[in-house]
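Biologist: I have a model open and want to learn how to read it. Could we go through it feature by feature?

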Amino acid sequence: MSEFILKLSNISKSFGGVKVLENVSFDVEKGSRHALIGPNGAGKTTLFNVISGIHDPEKGTVYFKGKDLRGVPSRKRIHKGLSRSFQNIRLMPHLSVLENVMLGQHSRIDFVDMFKPLDFLSKSSGKGEAIETLKSFGIDLHKGQTVSSLPYGIRKKIEVVRALMAKPSLLLLDEPAAGLNTAETKKLRDFLKEVSRRGITLLLVDHDMPFVNSLCNQVSVMNFGQLIYDGPISELKNDRKVLEAYLGSENNLEGSNA
Amino acid sequence: MFFEQVLQQIINGLMLGSIYISVAVAFTLAIGILNFLNFTIPALYMFAGMVGWSLSHYGLPFGLSGPIKWWFALFIGINCAILASLLVERFTYRYFKMKHGDATEHAIPLVSSLGFLLIFEYLILIAHGSDTRGFSTPFTNLDWRVAGFIISIPQLISLILSILIVAALSYLLIRTKVGRALRAIAENPDAATLMGIDVDRIVPVVFILIGFLCGVSASIFAINYHEVSPYMGDHVGTKAIAAMVIGGLGSVWGAIAGGLIVGLSETLSIYFFGASSAQITVWSLLLLLVVFKPTGLFGHNAIGKGKF
């Protein structure tokens, strides 16, 4: 039997009378690369916000590693191993690559330890760890440059590395490939496969079907706040409901350039 | 003779600037990290000085002790300023963060901090009246005469101390983890929260630093000018704001330059045009500067966005 790292059970959420999520339930298998797809406005980002604790669901429960996350603030969810990146890059534009990545370590740092004056000289500073991680993914430090001056594709990767510094077991990625060109998307895919190989479960939202097809093995499809498909990605294109949701645009589901 | 007198004024101006440096840095921290123009700062400065004077003159309240040694009285004064600063944090910044999710989109915290300024001032007025009080320390007439110029040794030490404190602060912001967290909050408090940074516990650190800087600056003033008054904050407050803007919002080192420039222009203006001209000179200089360089001398376009 497979082990589930994340279980969503009957999640409902509405904003001002509009039902954005309606009884959404699905599980994410440990070690899988799970995609969450659906047309715009289907509620994918809202579901991400519920999972990461930005919104509270009206109904339903999020279980992470078998534990109910109700009442756990987003800051503490990171602590438990649930990290995320954002649709719009949320790096600190005026800090360096290294500093941005090191910010990702803050969820693991005790409040009192932050005041150690000579910490930057010691091994516990986390600098070595950050440099190692960046190197292992082949990302240059771009010394002396602020993040805002770097190309979009690199910033996307840095954001993922920053999320990894929290040592997550589940990584939520909101549209990681959005705004990237084909070459950059391929690089990101290989990069995320490498992340997955290191034992981190991925749950990602994306519109780029070739990208999703070539990266993920599981997929959940949402439409108008409801789950309409949940299963292996290989059987997705045979599902009638999904095809209807995408209104005959089969090409959207079939990757050709992946 | 004339040049020597002007040079002496320049020396005095730089020494006066040392008072403004710490207060200007306190302003620049609040606006640089929290985007909050904290008007309580002059009151915290005055509060530290008056508490120090009261303790060294009367001793602890309710007759708990006789007059306390001047240095210990000032030490307690600094700590009182820190506590008062935390009180301001609780009822301006944190209150709005809890109620509206964002403290700085509103002008209300600024107005609330003005309220605290007046409340603190009038509490002191009720307690001690409006008179200027003499603050006695053993350091009188400790002058150093070099080539005909008079340099007050306590003032020189104060200037060096001010710069050292700012250097330490700059080090804290650049080198330590709490500094990195503060700079992250300056750039984007929401994203910082999602990084796992405990913003609610780190923001009070800024207010502790503000209280400390005000307290130190007031102590330096009391030691060098041998007096304190309930209005001492008003004089320093406006000059420190000018110093902050001249140096560049959010720039800690800019605040040093701004403080020294304001101190210099004040003493030179008084020397050449009389006592009433000081404010006109300082603020005209500021207005001219912002026309030609709106960011101040060391400021950046992104005002207060993690540039230290």
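**Strands, domains and contacts**

Modeller: Begin with one residue pair. Ser12(A) has Lys59(A) as its bridge partner in β4(A). Keep in mind that this is a predicted model.

Biologist: How many bridges join β1 (residues 4-15) of chain A to β4 (residues 59-64) of chain A, and do the strands run parallel or antiparallel?

Modeller: The general idea comes first. Backbone hydrogen bonds pair the strands of a sheet, in either a parallel or an antiparallel sense. Here, β1(A) and β4(A) run antiparallel and are joined by five bridges.

Biologist: In what order do the four strands of that open sheet lie?

Modeller: Read across the sheet: β2-β1-β4-β5 of chain A. The pairing is antiparallel.

Biologist: Now the open sheet of six strands. What is its order?

Modeller: β6-β7-β8-β3-β9-β10, again in chain A, and the pairing is mixed. Edge strands here are β6 (82-84) and β10 (226-232) of chain A; each has a single partner strand, so one side of each lacks a neighbour in the sheet. On average, neighbouring strands are turned by 15 degrees against each other, direction ignored.

Biologist: In which sense do β7(A) and β8(A) pair?

Modeller: Parallel, over five bridges, with β8(A) spanning residues 201-205. For a pair to look up, take Leu170(A), which stands opposite Thr201(A) in β8(A).

Biologist: Which helix packs on this sheet?

Modeller: α1 (residues 44-52) of chain A. The strands touched by α1(A) are β3 (33-37), β6, β7, β8 and β9 (218-223) of chain A. The direction of α1(A) makes about 150 degrees with that of β7(A).

Biologist: How many residues are in contact between domain 1 and domain 2 of chain A?

Modeller: 14 residues of domain 1 of chain A are in contact with ten of domain 2 of chain A. On the domain 1 side, α2 (74-79), β7 (170-174) and α6 (182-197) of chain A each supply at least two residues. The largest share, six residues, comes from α6(A). By class, that side has nine nonpolar, two polar and three charged residues.

Biologist: And between chains? How many residues of chain A are in contact with chain B?

Modeller: 24 residues of chain A are in contact with 22 of chain B. On the chain A side, α2 and α3 (97-103) of chain A are the elements that give two or more residues. α2(A) gives the most, with four residues. The chain A side divides into 13 nonpolar, six polar and five charged residues.

Biologist: Last, a helix pair in chain B. At what angle do α5(B) and α10(B) cross?

Modeller: Two numbers describe packed helices: the angle between the axes and the distance between them. The axes of α5 (residues 153-175) and α10 (residues 252-273) of chain B cross at roughly 165 degrees and come within 9 Å. That angle makes α5(B) roughly antiparallel to α10(B), because angles over 145 degrees count as roughly antiparallel. The crossing is right-handed.

Biologist: Which residues make the contact?

Modeller: α5(B) brings Ile163(B), Val166(B), Leu169(B), Ser170(B) and Leu173(B). α10(B) brings Val252(B), Trp253(B) and Ile256(B). The contact residues divide into seven nonpolar, one polar and no charged.

Key:
Residues numbered from 1 in each chain as written. Chains lettered and ligands numbered in written order. Predicted model: local features only at pLDDT ≥ 70, side-chain atom pairs only at ≥ 80, totals over all residues. Contact = placed C-beta atoms within 7 Å. Nonpolar A, V, L, I, M, F, W, Y, C, P; charged D, E, K, R; others polar. Pairing = 2+ DSSP bridges. Axes fitted to C-alpha atoms, helices over the stretch in contact; angles between N-to-C directions. Parallel < 35°, antiparallel > 145°, perpendicular 65-115°, else oblique. Left-handed = near helix turned anticlockwise from the far one by under 90°.
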